Amino acid sequence: MAKASRYLGQALLYALFFLPIAWLTHQPTHTHLEPGMAELKIAVRHAGKIIGQCGTDNSAPEVLLPEHVTRPEICPRERSPLQLELLLDGETLYRATVAPSGLHNDGVSSMYRRFRVPAGRHHLALRMNDDAAREGATWELVAPIELAPAQVLVATFKEGFRLQ
Amino acid sequence: MKALLKKGFHQADRLFSNVFTPQWNPLYQLGALSFFYFWIVAITGVYLFIFFETSIHGAYASIERITHEQWFVGGVMRSFHRYASAAMGISVTLHLLREYAMDRYSGPRWFSWVTGIPLLWLLFAAAIGGYWLVWDQQAQYIAILTAEFLDWLPIMVDPMASNFLNESTLSNRLFSLLVFLHIGIPLALLLGMFIHIKRISAARTNPAKGLAAGTLLAMLAVSLWKPALSQAPANLDRAVTEVGLDWVFLNTYPLIDSWGPGQTWALLVGLSCLLTIVPWLPSRRPEQTPIAVVDPENCNGCGWCLADCPYEAVTMKEHDFKSGHQQSVVDPDLCLSCGICAGACPSSSPFRHVDELTTGISIPGFHIKELLSLTENKLAVLATGAPRIMLYGCDHGSVVEPMASDSVAAISMPCSALVPPAFVDYVLRKNLADGVVISGCCEGDCHYRLGNSWLEQRFSQERMPILRTRVPRERVRLRWLGEQGTAQLREEIDAFQRDLTAETVVTLQEAPNG
Ligand code: HEM
């Protein structure tokens, strides 16, 4: 092959390699969220109530205790799991039990979820039980919301549910 | 599928070798090209890092400044950084497909194959981290999806995604972590790349100069024509709707979007596991398992086999019984039984005065003694009419055995570099044949990496053992046409025979005058 035509061929083959790269690094666009949709995120980081109450340590027999020594108090460490519920217009979007972290279930419970929801007016209900000793919701937020398209509404928890 | 892939590569090889010459053919140096792209990304990355601001608001703005206020340097550097990464993604993928199609992954090659797989993960992770730093719409999209993807693994107590709830939860510290990762992951990749080629001697990590220059020019042209730009800045208070993606590296994100993290993890981990076990699947090519054997009696410790082994399978140790001498040792885990060592051994000479030819190192499946007897027996039965040709070929290149005729003796072996130069000398000197042809894989694409280079160098006396000066070079042809060039080889042998006939006639005509 003549030198000039070889270089021309090389130019063509380089183009064949780099043009798809130039195209692929920009195109085609991907639709992540359909028009008319919005996002609702919920992120809760909260430590449930301790399960049980403090009590005295009765493990050592009375005779072994030195005089004037009172029995030590023992407190349980295990925390209640969080029972969470998110309803939009009466429909359950999310219902789950979030276990506490830590080997002894004594840490914080943490969760996050993202939902795609239609923009517009909605009725939002968030409920949580963080105390295994009690029935039903210990925390609740019920509110009407209005979402613009592509708006991100975030529900978090800090001494009560908050919407941002 | 493998056969189809191989056919596709063979056709592309032919085109690329014609246009680029075999020395510059990019398909023969995809691993080296990947290294080259890596270095471009690394150098341009250092430049970008100097001007990059590690903060939520600084990140986007600083990259905009690099792109627009100094586009002739910064803009081009940024484009090179992006396009060289993408080019590396493509060249690595082609490299993987090629090694698979050409059956270069089983046996001791499992090491290169298996160590290649984490490189894919690291390469993708590095690229994703890079796009993240730009902190535009694409970055916002991948930040949230990556966090959700990683959160699926039960590792962290606090979900990573809760860092990206909205603008108020974003922290500068996270950006520092990202920058750290975007430097750390490529360094891990580089380390992985060196581990990947650890068992390969004289690994080709630099592409041919002409190819490197051409690639740079092409990349410059693309960078000027379509510079890398950011999308609109990220804003976590508004969800990303339509997003432009780099489909080379971010192709799994739409999958996470529609399947969710669990299934995407299953797919990626499943694919990686499947890829990992490929070297042990039944569809692999059975390699010659018996490894090279050293015969201490005939090994003088010259080290030529060590210099020529393409897989670092040969080392030297103190000689078993000749004190003060060394002797070769073969590591069975590394030996591919190509026989290049047997061709390198000075003892593999049929001129030696021994009853039965033995040598210092050889492969059990194709001992040098066997090569000699095959050569002598096959040549002995050729008719004397047409010029007699000894055709040596390899099992991975042009298919030579069907070319045997009453004037052509053909022997195929694992690698043509198994033929010691002394054999060519012997065959011609003893007038067993009128010409010798050695064929093999395509130039630059030897199945055992270095066979044809070593043979060329031995014949041009640049490498031991040399083809002696007394051997008439016009009676010897080295042809690297590969499997796809089988028909062409046949034609060239006919032409060689015609040349040899003409030469004989000329010699006869010249004789009375001379
Ligand atoms: C960052 C990515 C990679 C780079 C830079 C790279 C580079 C290289 C280089 C330079 C060689 C030596 C070539 C030679 O001198 O003959 C090589 C060999 C090899 N590579 Fe890669 N590689 C990469 C990824 C992969 C992947 C993903 C796979 C497959 C899973 C793979 C499989 C192999 C195999 C099997 C060989 C050995 C070939 C032989 O023994 O002939 N590589 N690679």
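1. Let us start with the shell around the ligand, where H5(B) gives the most, with six residues. Helices and strands here are DSSP runs (H or I of at least four residues for helices, E of at least two for strands), numbered from the N terminus. The model is predicted: local features need pLDDT of at least 70, side-chain atom pairs count only at pLDDT 80 or more, and totals for chains, interfaces and linings use all residues. Residues are numbered from 1 along each chain as its sequence is written, chains are lettered from A and ligands numbered from 1 in the order in which they are written, and side-chain values use heavy atoms, with hydrogens and water left out.

2. Which residues come nearest to the ligand? Of the 24 around it, these are B:His95, B:His196, B:Arg204, B:Tyr311 and B:Arg449; a residue is near when one of its heavy atoms lies within 4 Å. By class, the shell holds 13 nonpolar, six polar and five charged residues. In this scheme Ala, Val, Leu, Ile, Met, Phe, Trp, Tyr, Cys and Pro are nonpolar, Asp, Glu, Lys and Arg are charged, and the others, Gly among them, are polar.

3. Some of these neighbours make polar contacts, meaning a pair of N or O atoms within 3.5 Å (within protein, one must be able to donate a hydrogen and the other to accept it, and residues adjacent in sequence count only if both atoms are side-chain atoms). A polar side-chain atom of B:His95 sits 2.8 Å from a ligand nitrogen, and a side-chain N or O atom of B:His196 is 2.7 Å from a nitrogen atom of the ligand. B:Arg204 takes part through its backbone, with an N or O atom 2.7 Å from a ligand oxygen. The elements of chain B that supply two or more residues to the shell are helix H2 (30-51), helix H4 (71-101), helix H5 (110-133) and helix H7 (172-196).

4. Chain B as a whole has 16 helices and nine strands. Its C-alpha atoms fill a box of roughly 100 × 55 × 40 Å along the principal axes. Of its 514 residues, 55% are buried, where buried means under 20% relative accessible area, exposed over 50%, and partly exposed in between (1.4 Å probe, protein chains only). Among the chain B contacts (heavy atoms within 4.5 Å) with a separation of 6 or more, 73% join residues 24 or more positions apart.

5. Do look at B:Phe164, in the loop between helix H6 (137-151) and H7 of chain B. Why does B:Phe164 count as buried? Its relative accessible area is 2%, and buried residues are those under 20%. Leaving out residues up to four places away in sequence, B:Phe164 touches A:Lys41 as well as chain B residues including B:Trp132, B:Trp135, B:Ile144 and B:Leu236.

6. B:Trp135 is itself worth a visit, in the loop between H5 and H6 of chain B. Its phi is near 50°, a positive value in a residue other than glycine, and it counts as buried at 3% relative accessibility. In chain A, A:Ala150 also has a positive phi, near 70°; it is found in the loop between strand E9 (139-147) and strand E10 (152-157) and is buried at 3% relative accessibility. Most residues other than glycine have a negative phi, and most peptide bonds are trans. A cis peptide bond joins B:Met464 and B:Pro465, with omega about -5°.

7. B:Ile411 lies in strand E7 (residues 408-413) of chain B and is buried, with a relative accessible area of 1%. Apart from residues up to four places away in sequence, its contacts include B:Phe366, B:Leu371, B:Met390, B:Tyr392 and B:Val400.
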